[in-house]
Amino acid sequence: MGRFDGRIAVVTGAARGIGYAIAQRFAQEGARVAVIDLDESAARKAAAALPGADRPKTSHLGLACDVADAASVEAAVERVVSELGGIHILVNNAGVTRDNLLFKMSEDDWDTVMGVHLRGAFLMTRAAQKHFVNQKYGKILNLSSVSALGNRGQANYSAAKMGIQGFTRTLGLELSPFGINTNAVAPGFIATEMTDATANRLGVPVEDFRKMNAEANPVRRVGAPEDIAAAAAFLCSDEASYITGQTLYVDGGARLD
Ligand code: NAI
């Protein structure tokens with residue numbers, strides 16, 4: 001018996017990184033998962049590699065969708081419902097960075113980050129919630145970040161990630177009466193292509209960048225995508241049904257100093 005037997009989960013930005021680890025964990029615990037990402041072949045490949053993909057009765061789905069585009073989101077959610085038979089869990093994980101100090105930040109840097117994180121989470125949640133409300137059941141998990149608390153060079157990303165926390169609290173108020181839990185996780189430094197890209201941009205070798213971040217962290221290591229997946233699985237499970245509107249920091253205590 002898995003915690004997600006019979007559940008259908010949608011994870012955005014799940015072709016790699018944290019999203020893929022969440023999809024993997026949900027699938028390990030019995031869910032059928034729709035892997036949503038920009039590139040259809042990468043999404044399909046990721047879905048085909050999930051646990052259970054080879055079982056005759058289990059079918060995961062990989063599909064292309066730009067979460068910042070309303071028509072693309074509506075079509076993707078309808079495809080999940082018709083091909084997998086419903087939707088019970090939504091993880092708004094898709095993300096991008098366009099880091100720059102404010103005086104060098106372009107309008108496009110700002111709009112792109114707001115578009116994927118905030119508009120994306122809004123559009124996906126609006127499309128999913130009608131199914132959740134009708135069936136009086138749903139779990140929504142949003143990805144915030146420790147950067148919500150402020151991070152040099154990330155005025156756009158930080159604003160979006162704190163916006164996600166306000167969005168999460170408000171959905172907690174609006175949707176909880178319909179059997180829908182909405183929460184957020186705020187990761188610290190997690191070793192993925194996103195943080196590798198930051199190292200490259202700063203001109204620091206990836207391993208050195210991870211080492212520096214590990215040394216500065218109270219638990220003396222960087223996070224792995226699986227650390228976030230474990231928290232996601234708990235918050236999207238029925239064990240967490242009395243938790244809503246919350247943001248859980250999963251950061252090795254990075255904010256404590
Ligand atoms: P990543 O860059 O490895 O993966 C992000 C995925 O999102 C990619 O597969 C990308 O194609 C997809 N994506 C981007 N724009 C999209 C769009 N418009 N529509 C659909 N998919 C799109 O990033 P990572 O590290 O796995 O991050 C996942 C989430 O966790 C993001 O929301 C990020 O902001 C957040 N986060 C990551 C941290 C880290 O240290 N890696 C720390 C705190 C938060």
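Which domains does the domain assignment give for the protein chain? The assignment, an automatic or database one, gives domain 1 (8-188 + 224-249) and domain 2 (191-222). This is a predicted model, in which local features need pLDDT of at least 70 and side-chain atom pairs count only at pLDDT 80 or more, whereas totals for chains, interfaces and linings use all residues. Residues are numbered from 1 along each chain as its sequence is written, and side-chain values use heavy atoms, with hydrogens and water left out.

**The two domains**
- Taken over C-alpha atoms, the centres of domain 1 and domain 2 are separated by 24 Å.
- Seven residues of domain 2 are in contact with 11 residues of domain 1, contact meaning heavy atoms within 4.5 Å.
- About 650 Å² is buried between domain 1 and domain 2, and carbon and sulfur atoms give 49% of this area; buried area is the accessible area (1.4 Å probe) that two parts lose on being put together, summed over both.

**The shell around the ligand**
- Of the 28 residues around the ligand, those that come nearest are Arg16, Asp37, Asn93, Tyr157 and Thr192, where a residue is counted if one of its heavy atoms lies within 4 Å.
- Domain 1 and domain 2 each contribute at least three residues to the shell.
- Helices H1 (17-28), H4 (107-135), H5 (155-175) and H6 (193-202) each supply at least two residues of the shell, helices being DSSP runs (H or I) of at least four residues, numbered from the N terminus; H6 gives the most, with three residues.

- Among the pairs of N or O atoms within 3.5 Å, a backbone N or O atom of Val67 lies 3.1 Å from a ligand nitrogen atom.
- A side-chain N or O atom of Lys161 is 3.0 Å from an oxygen atom of the ligand, and a backbone N or O atom of Ile190 lies 2.8 Å from a ligand oxygen atom.

How values were computed: Polar contact = N/O pair within 3.5 Å; in protein donor to acceptor, adjacent residues only side chain to side chain.
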